[in-house]
Amino acid sequence: MLNTPLITDAYSHKVVGWAVADTLKAAVSKQVLQMAIDQAVEMGGRECLASLIHHSDRGVQYCGDTYVGMLKSHGITISMTEDYKPTDNAIAERVNGILKTECIYPKD
């Protein structure tokens, strides 16, 4: 099964960080987070990071010390779902569904 970590801007619905991997290793998620941080800095400067909220499920790749440390070091607020409910992270689940249905596991 493929892992498709992505970070979506909830306001614009633009995917600002993404990868397709065959592992849940934190290194992939950290790479995606760095991609999103780099884009945010390019668009608004480092000071804009402190106004961001990172919302995710409680996957091990998002709860690890290194990933959480990256968020905290940039002043990004952390928000996580209470329990596993896809509706609590609807934007990411929708984009993941489209990617998997149309690009990764297409039906002929």
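**Exercises on a predicted model**

The largest cavity is lined by Pro-5, Leu-6, Ile-7, Ser-29, Val-32, Tyr-62 and Tyr-67, where a cavity is a set of points on a 1 Å grid over the protein atoms alone at which a 1.4 Å probe fits but cannot get out, and lining residues have an atom within 4 Å of a point. This is a predicted model, in which local features need pLDDT of at least 70 and side-chain atom pairs count only at pLDDT 80 or more, while totals for chains, interfaces and linings use all residues. Residues are numbered from 1 along each chain as its sequence is written, and side-chain values use heavy atoms, with hydrogens and water left out.

**Exercise 1.** Determine which elements give two or more residues to the lining of the largest cavity, and which classes the lining has.

*Solution.* Start with the elements: β1 (6–8) and α1 (26–44) each give two or more residues to this lining, helices (H or I, at least four residues) and strands (E, at least two) being DSSP runs numbered from the N terminus.

**Exercise 2.** Describe the largest pocket by its lining.

*Solution.* A pocket is an open set of points with protein on both sides within 12 Å along at least five of seven lines. The largest pocket holds about 1100 Å³ of space, a volume being the space filled by probe spheres set on the points, which are joined across faces, edges and corners. Of its 44 lining residues, Leu-6, Ile-7, Thr-8, His-54 and His-55 are the closest to its centre. Next, find the main contributor, which is α1 with 7 residues. By class, the lining has 25 nonpolar, 14 polar and 5 charged residues.

**Exercise 3.** Work out how α1 and α3 are placed relative to each other.

*Solution.* The axes, which are lines fitted to C-alpha atoms over the stretch in contact, with angles from 0 to 180 degrees between N-to-C directions, lie 10 Å apart at an angle of about 10° for α1 and helix α3 (residues 65–73). The two helices are therefore roughly parallel to each other, since angles under 35 degrees count as such. Finally, identify the contact (heavy atoms within 4.5 Å): Ser-29, Lys-30, Leu-33, Gln-34 and Ile-37 in α1 meet Thr-66, Tyr-67, Met-70 and Leu-71 in α3.

Methods: Nonpolar A, V, L, I, M, F, W, Y, C, P; charged D, E, K, R; others polar. Parallel < 35°, antiparallel > 145°, perpendicular 65-115°, else oblique.
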